[in-house]
Amino acid sequence: MAPIIKPPKLTYNTAHKRSASSALSPPANIRNKFSPLMDLKDTDNDQSDNIEIDTPEVSWVRRAGDKMQLLSFGHHVYSTDQRYELLFKDPNDWQLRISYLNERDGGHYECQVSTHPPIAFTVYLAIIVPQLEITDERGVQVKDKFYYVGSTIELKCYITKVPQPSQFIVWRHETTSLNYDTSRGGISVKTDILTNGAKSRLFIANAQTSDSGKYTCSLTDIASTSVTVHVLNGETPAAMQHGGSNRCGRLHSLWVIITFAWILFRLS
């Protein structure tokens, strides 16, 4: 779910600041509410004033140092970036939605209300980039892993830089989801929530050659990583690699012989 930031009561002649965070893929909603008759409170002096707003205009801008980029004004979006969307709900709910987040979207966003003097609410949007890593049973990071027929495949997926990993962790073999796979049997997925992320372990008992292929660990549709598993039927990984080299060598020798024969034919 996209985060929605609810600000406190706006302070007269003061720009409020808040922080918010969002993961990469889901959209981020930044929300601001105000009423035609606002209670403007100075939190330092605990004094309140009322100011009546006569049909104000609300705008969203993005700040980058001394530069300001106008994103919306009133009910219209002025940015050429189509990922920005303005959502309004009567009577006073103004939301800026950013779809398909990336790291460059992080920074300060400001909601401005055209009162006299102006009222502004600033929020800092921090983009969280999860880190995923697959290791073998010994905790060694791998991109290719070899097993023998009949052994147990054990892979671990470590997910870090996610303070609250509420999203679902999914294991896939090629395009088949393994979390609730009951057709093959012998598949087990165990996930532990850690302080800064999660650890998910995949076990596949009695490995067969049909279990070879690409295995992917993903945090829903936000981030993923993969490893290629090779299940060997009595062959060793070195033999597979040498066998491939020998085949290439034989093909190269055959090409040389054919070329040499063609040259002799042309000379005769």
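User: Hi! Is C157 buried or exposed?
Analyst: C157 is buried, because its relative accessibility is 0%. Buried stands for under 20% relative accessible area, exposed for over 50%, and partly exposed for what lies in between, with a 1.4 Å probe and protein chains only. This is a predicted model, so local features need pLDDT of at least 70 and side-chain atom pairs count only at pLDDT 80 or more, while totals for chains, interfaces and linings use all residues. Residues are numbered from 1 along each chain as its sequence is written, and side-chain values use heavy atoms, with hydrogens and water left out.

User: Got it. Which residue forms a disulfide with C157?
Analyst: That is C217, and the two sulfur atoms are 2.1 Å apart. A disulfide here is a pair of cysteine sulfur atoms within 2.5 Å. The pair links distant parts of the chain, with C157 in strand β15 (residues 153–160) and C217 in strand β20 (residues 213–219), 60 residues apart. Strands (E, at least two residues) and helices (H or I, at least four) are DSSP runs, numbered from the N terminus.

User: Why is the disulfide left-handed?
Analyst: Because the torsion about the S-S bond of C157 and C217 is about -85°.

User: How about C217, buried or exposed?
Analyst: Buried, since C217 has 0% relative accessibility.

User: And how many disulfides does the structure hold?
Analyst: It holds 1 disulfide. Another cysteine, C111, is buried too, at 1% relative accessibility.

User: Switching to charges. How many salt bridges are there?
Analyst: The structure holds 8 salt bridges. The criterion is a side-chain nitrogen of Lys or Arg within 4 Å of a carboxyl oxygen of Asp or Glu. One of them joins R63 and E110, whose closest N and O atoms are 2.9 Å apart. R63 lies in strand β6 (residues 58–64) and E110 in strand β11, so this pair ties together parts that are 47 residues apart in sequence.

User: What else is E110 in contact with?
Analyst: Leaving aside neighbours within four places in sequence, the contacts of E110 include W60, V61, A120 and F121. Contact means heavy atoms within 4.5 Å.

User: Back to the salt bridges, which residue pairs with R83?
Analyst: R83 forms a salt bridge with D81, and their closest N and O atoms are 3.0 Å apart. R83 is buried at 18% relative accessibility, whereas D81 is partly exposed at 27%.

User: And D192?
Analyst: D192 forms a salt bridge with R201, the closest N and O atoms being 3.6 Å apart. D192 is partly exposed at 32% relative accessibility, and R201 is partly exposed at 23%. Elsewhere, salt bridges that share partners join D136, E137, R138 and K145 into one network.

User: Nice. Now H116, where is it found?
Analyst: H116 is found in the loop between β11 and β12 (119–128). H116 is exposed, with a relative accessible area of 74%. The C-alpha atom of H116 is separated by 9.9 Å from that of P56, which is 60 residues apart along the chain.

User: Last one, the whole chain. How many helices and strands?
Analyst: There are 1 helix and 21 strands in the chain. Buried residues make up 38% of the 268 residues. Among contacts with a separation of 6 or more, 58% are between residues 24 or more positions apart. The chain exposes about 16,200 Å², and carbon and sulfur atoms supply 52% of that. Those areas come from the Shrake-Rupley method with a 1.4 Å probe; for residues, only the protein chains shown count as cover.
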